[in-house]
Amino acid sequence: MSKLSRKNHDDYLFPNYAPLALMPEQAKGARLWDTDQKEYVDFAAGVAVSSLGHCHPELIKVLQEQANKFWHVSNLLTTRPAIELAKQLVEVSFADKVIFSNSGAEANEAALKLARRFAVDHHGADKHEIIAFDNSFHGRTFFTVCVGGQAKYSDGFGPKPQGIKHLPFNDADALAATISEKTCAVILEPIQGEGGVVPATKEFLHKARQLCDEYGALLIFDEIQTGLMRTGNLFCYQGLEVEPDILTLAKGLGGGFPIGAMLARQQVAESFSVGVHGTTFGGNPMACAVASKVIELVNIEEMQQGVKHNSELLKNGLHQLNKEHPFFVEMRGSGLLIGCELSEAFAQRANDVVAAALEQGLLMLVAGPNVARFAPPLVATERDIEEGLYRLGLALSSFEP
Ligand code: PLP
């Protein structure tokens, strides 16, 4: 292997990312080692992706088995792994049909196109408006950044797609005042992830469902970050007792192998008739084989209990740390998606907290400049959680005078 290091990143790669100082060499479970053999506890899981930890033996096994059969055939052919995964997703959700993509943004892009197409098919072109929410994040294609509620991602690229309205999140009155016969879809994250780990209230979601039914609009839940047991239910909506018409998934679905999916009921799915939408890699057999195993492994009582247990352990530990070093004023989220809104002393310094944690051997996340985010693998052990908290404590001490 060549001697390339983190420093060489900037020599060859586009400047759009600003990777952290370490470069990984090896990872296992909730631990990662860099090229200098320094160990890190992983409370980031590749941004809420590696739910089963790194290098899970059963995922390696199915990946190797599929790698020895065939890697790619495109959607000119259907494959057993794709059908099997779609069947599993249908059986565990509200949906009747599934379409695969390669990322979360593409799953949402498909969902937005489907909502527009369904409205054209059933109501005419006038019904094209999409309602989204401030601070939401739905991906980085141009349609999805424009639907997302953060101008920093959508501005500066010239004219935007039309017919998108943004409202304050959790504001049922604003939604009631804005939704109309022209609305084709309302899209939201049941817990806003990148926007600061902000949960939707049950009342807001129920109202959104009721208003969508009243106005014939589709309700889209973006569960790209919250899906696949991350919040303690296979899908976050299951704990909220509100079903969407369209659901998007990615991140945890492939356990680290890139894959996205959109789920919908039969009548909605029919608007994607032959040729209306597609992608070369969507439903890739390697990705589908791994994702099938991920669902099998996460959708069990034991995993749900494990997430609950780890969540309590992490939340209690963070509260304990906060007594010694008051770094947050509010804790939000569910399961193993937890956000801490920083206190005055740490205000707007989430990135500095991450850098200090890194120094101490802890990988963690931000959710905007003022929220520290924790999303460890669901399978992290008690030892991993305790060690991560200990290292966070050391990092917080380094902020004090
Ligand atoms: N939607 C949500 C809620 C997300 O958190 C993300 C990624 O962070 C996306 C969409 C975009 O997914 P991807 O980065 O795979 O395109």
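This is a predicted model: local features need pLDDT of at least 70, side-chain atom pairs count only at pLDDT 80 or more; totals for chains, interfaces and linings use all residues.
Residues are numbered from 1 along each chain as its sequence is written, and side-chain values use heavy atoms, with hydrogens and water left out.

**View 1. Packing of helix α3 against helix α11.** Helices (H or I, at least four residues) and strands (E, at least two) are DSSP runs, numbered from the N terminus. Helix α3 (residues 57-67) packs on helix α11 (residues 285-298) at an angle of about 150°, with the axes 9 Å apart. This angle makes α3 roughly antiparallel to α11. Axes are lines fitted to C-alpha atoms, for helices over the stretch in contact, and angles run from 0 to 180 degrees between N-to-C directions; angles under 35 degrees count as roughly parallel, over 145 as roughly antiparallel, 65 to 115 as roughly perpendicular and the rest as oblique. The crossing of α3 and α11 is right-handed; a crossing is left-handed if the near helix is turned anticlockwise from the far one by less than a right angle, and right-handed if clockwise. On the α3 side, E58, L59, V62, L63, Q66 and A67 meet P285, M286, A289, V290, K293, V294 and L297 of α11, where contact means heavy atoms within 4.5 Å. This contact of α3 with α11 comprises 10 nonpolar, one polar and two charged residues. Ala, Val, Leu, Ile, Met, Phe, Trp, Tyr, Cys and Pro count as nonpolar, Asp, Glu, Lys and Arg as charged, and the others, Gly among them, as polar.

**View 2. Packing of helix α4 against helix α11.** Helix α4 (residues 80-91) and α11 pack at an angle of about 35°, and their axes are 8 Å apart. The crossing of α4 and α11 is left-handed. Residues P81, A82, E84, L85, Q88 and L89 of α4 make the contact with P285, C288, A289, A291, S292, I295 and E296 of α11. Nine nonpolar, two polar and two charged residues make up the contact of α4 with α11.

**View 3. Packing of helix α12 against helix α14.** Between helix α12 (residues 301-324) and helix α14 (residues 382-397) the angle is about 20°, with the axes 10 Å apart. The two helices, α12 and α14, are therefore roughly parallel to each other. Their crossing is right-handed. Among the residues in contact are L313, L314 and L318 of α12, together with I385, L389 and L392 of α14.

View 4. A27 has L32 of β2 as its bridge partner. The β1-β2 hairpin has two residues between the strands, and G29 takes a positive phi near 55°. Strand β2 also pairs with β3 (residues 39-42), in the antiparallel sense over three bridges. The bridge partner of R31 in β3 is V41. Four residues separate β2 from β3 in their hairpin, and Q37 in the turn has a positive phi of about 65°.

View 5. G335 lies in the loop between β13 (328-334) and β14 (337-342). With 11% relative accessibility, G335 counts as buried; buried means under 20% relative accessible area, exposed over 50%, partly exposed in between (1.4 Å probe, protein chains only). The C-alpha atoms of G335 and T231 are separated by 4.0 Å, although these residues are 104 residues apart along the chain. N370 is found in the loop between β16 (365-366) and β17 (371-374), and at 15% relative accessibility N370 counts as buried.

Definitions and conventions. Two strands pair if DSSP finds at least two bridges between them.
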